[in-house]
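Reader: I have a few questions about the words used to describe models like this one. Please take me through them with the numbers in view.

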Amino acid sequence: MSQTRFDIQTAAVIGAGTMGRGIVMSLANAGVKVLWLDNNPAMLEQALGVVADTYAHNVRQGRIDEAQAEARRACISKADGYQALADVDLVIEAVYENLELKQAIFRELDAIVKPTGILASNTSALDIDAIAAATRRPEQVVGLHFFSPAHIMKLLEIVRGAKTSAAVLEASTALGKRMGKVSVIAGNCQGFIGNRMLATYVREARAMLLEGAYPYQVDAALQGFGFAMGPFRMYDVVGIDLEWRARELAGEGQDDPYVQIDNRLCELGRFGQKSRQGYYRYAEGSRQAEHDPQVDALVQRESERLGYQRRDIGTEEILERCLLALVNEGAKILQEGMAESSTDIDTVYLNGYGFPAEVGGPMTWADRQGLPAIHDRLRALAERHGEHWKPAELIESLATVGGRFVDFKKKEA
């Protein structure tokens, strides 16, 4: 199939949840005909209603006219079952994060969709190769990781599996451009580029809560640096309970000290904005995060229960640990060839994670600090907080020769 050129004119989306709705609108807005499938007919009907309401709202706001809204609605059709997807050029699966479920869906799609059809998963972290292995066309399986809300967020991570063909990556990039997305090709690793780095950043933020900081202090420091929102406001927006429920479902991870504050909040029904209280509280109908002293008291109780001696943690330390966590993980991603360049890593963080545009992205920020200085600061953190702070090998080697991330290009295999 290496000489095949894929021209995506028709698509199907499986799943009528929040992500599915956003992906369907992204495709329809670009004029792509979309078949929409969900195993719950009532949920699909409801989702079609939400899409229609969204377009009507856009017309009222003057963003599009009625003719454009009608053209977009006309691109979307219900599919009665998998058999209806036989002739589409692309299928995007957007069901919840469960590997066995996704493999079962891809097995079924592989048997039905035409041989030249591309099969894509909207997974945010699962192994694309494990999903592709359920098919006889792994070269035509790709990750298309949209960010929520998918019809608004610009970033698209295109995840290449071990066997994904260059032509499929090219077609995916062309589709991303047609949808008005900023596309970055990522390697297949846990969390890809964005969420892999986010995990280390959030770990430090959570660690500092146990050591002596409070959520509002951490968020204020990062928002002061220029982030659109700090990590705890972010969790309130997306829902603190998503990771909590995923840990419950997986039957592991709930004992990790770093998630105990999240667990206590979820046990109290404090899931974030949707329940009007999470790390912050929210007035009826408002998205304005208000400081809640009850959360400070909960944080203090929990850290003392876990045996921490609390201390004052200032803005400088918060920024140092959160930013250097991003940079060190970004360097590992770069040295492993999971990103094509440091510019791609910055693109992900500028377009999907609210990193301040004027700073230029985490890797540009590090280059401006000078990698010898970054190396020394990481070594100092390793001495104080443990070996997980050991500088990435790429930082070691670039610092030695006075190099920069921006000049580093991954070696072709």
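Author: Happy to! Let's start with exposure: a residue is buried under 20% relative accessible area, exposed over 50%, and partly exposed in between (1.4 Å probe, protein chains only). This is a predicted model, where local features need pLDDT of at least 70 and side-chain atom pairs count only at pLDDT 80 or more, while totals for chains, interfaces and linings use all residues. Residues are numbered from 1 along each chain as its sequence is written, and side-chain values use heavy atoms, with hydrogens and water left out.

Reader: Why is Val 238 called partly exposed?

Author: Val 238 has 46% relative accessibility. That value falls between the 20% and 50% limits, so the label is partly exposed. Val 238 belongs to helix α9, residues 231-238 (helices are DSSP runs of H or I with at least four residues, strands are runs of E with at least two, and both are numbered from the N terminus).

Reader: What makes Asn 328 buried or exposed?

Author: Its relative accessible area is 3%, which is under 20%, so Asn 328 is buried. Asn 328 sits in helix α13, residues 315-335. Beyond neighbours within four places in sequence, Asn 328 has contacts (heavy atoms within 4.5 Å) that include Leu 378, Trp 389 and Ile 395.

Reader: What makes Glu 284 and Arg 276 a salt bridge?

Author: The term needs a side-chain nitrogen of Lys or Arg within 4 Å of a carboxyl oxygen of Asp or Glu. Here the N to O distance is 2.9 Å, so the pair of Glu 284 and Arg 276 qualifies. Glu 284 is exposed at 63%, whereas Arg 276 is partly exposed at 39%. Arg 276 lies in the loop between α11 (260-267) and α12 (293-305). By this rule the model has 33 salt bridges.

Reader: How do you know that Glu 320 and Arg 377 form a salt bridge?

Author: Their closest N and O atoms are 2.7 Å apart, which is within 4 Å, so the pair counts. This pair links distant parts of the chain, with Glu 320 in helix α13 and Arg 377 in helix α16 (residues 371-385), 57 residues apart. Glu 320 has 19% relative accessible area, so it is buried. Arg 377, at 24%, is partly exposed.

Reader: Why are β3 and β8 said to stand at the edges?

Author: The open sheet has 8 strands in the order β3-β2-β1-β4-β5-β6-β7-β8, with mixed pairing (two strands pair if DSSP finds at least two bridges between them). β3 (76-78) and β8 (182-187) each have a single partner strand, so one side of each has no neighbour in the sheet.

Reader: What makes β6 mostly covered?

Author: In β6, 6 of its 6 residues are buried. Val 141, Gly 143 and His 145 point one way, while Val 142, Leu 144 and Phe 146 point the other way.
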